[in-house]
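Good morning, colleagues. Please look at the sequence and the model on the screen while I go through the fold.

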Amino acid sequence: MTTQFTKEAFDTFEIEGLEQRMHAIRERIQPVFKQIGQEVSPDLTVNLAEDMYVHIAQHARRKVNPPKDTWMAFSPNKRGYKKHPHFQVGLFDDHLFIWLAYIYELPNKSQYATKLLNHQELLHALPSDFVVSYDHMKKEAQQIDETGLEQGLVRFRDVKKAEFLVGRHISAEEVSAMSHEHLVKLIRNTYEQLVPIYKKIQ
């Protein structure tokens, strides 16, 4: 069993058909998620002083269209993650993402947004390769210093479907050349940078 995201893992998203692509996701990607979860969730549990549970996306509601990406999440809730700030690792066809995610299902979204607006210095203090996104369904992300961060956070606060995600993107080529140990180290490092934000924006 592979513990790496190979080129074949990223090529999964070129497979036609829901059933065929889901089969490949289960074979090529989810075992790696499971391994990452076993290694990373104990670190988050210690760093956050609360149990963090692993959730691997099953895409169960899909009936026709195959997923364009897939992910795992770390959440303080055993039953789910979408209604909580959570950490993600996932793949599109051309990159891997490592996020701290505040998505639109979050209750009291405006309160989180207001706190983020009041503590933008935490975001600007992140390493220069960190990026932000306002929609988890889209591939695109912007460098924190290149984006209108304040305008994005205002939109996150005021628009029901708006989201806020912050973390890293790593190209498929770079990830497929990494050892499992290197990838886990990168995920751990990314989360170490994001944990202070998670704790402050509670």
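This is a predicted model: local features need pLDDT of at least 70, side-chain atom pairs count only at pLDDT 80 or more; totals for chains, interfaces and linings use all residues.

Two strands are taken to pair if DSSP finds at least two bridges between them. Histidine 86 has alanine 101 in strand 4 as its bridge partner.

Let me turn to the whole chain. Along the sequence the pattern reads α-α-β-β-β-β-α-α-β-β-α-β-α-α. Helices (H or I, at least four residues) and strands (E, at least two) are DSSP runs, numbered from the N terminus. The radius of gyration is 16 Å, close to the 17 Å that the globule rule gives for 202 residues, so the protein is as compact as a globular protein of that length. That radius is taken over C-alpha atoms, and the rule is 2.2 Å times the number of residues to the power 0.38.

Of the 202 residues, 48% are buried, that is, under 20% relative accessible area with a 1.4 Å probe, protein chains only. Among contacts (heavy atoms within 4.5 Å) between residues at least 6 apart in sequence, 65% join residues at least 24 apart.

On conventions, residues are numbered from 1 along each chain as its sequence is written, and side-chain values use heavy atoms, leaving out hydrogens and water. Local features need pLDDT of at least 70 and side-chain atom pairs count only at pLDDT 80 or more, whereas totals for chains, interfaces and linings use all residues.

Key: Buried means under 20% relative accessible area, exposed over 50%, partly exposed in between (1.4 Å probe, protein chains only).
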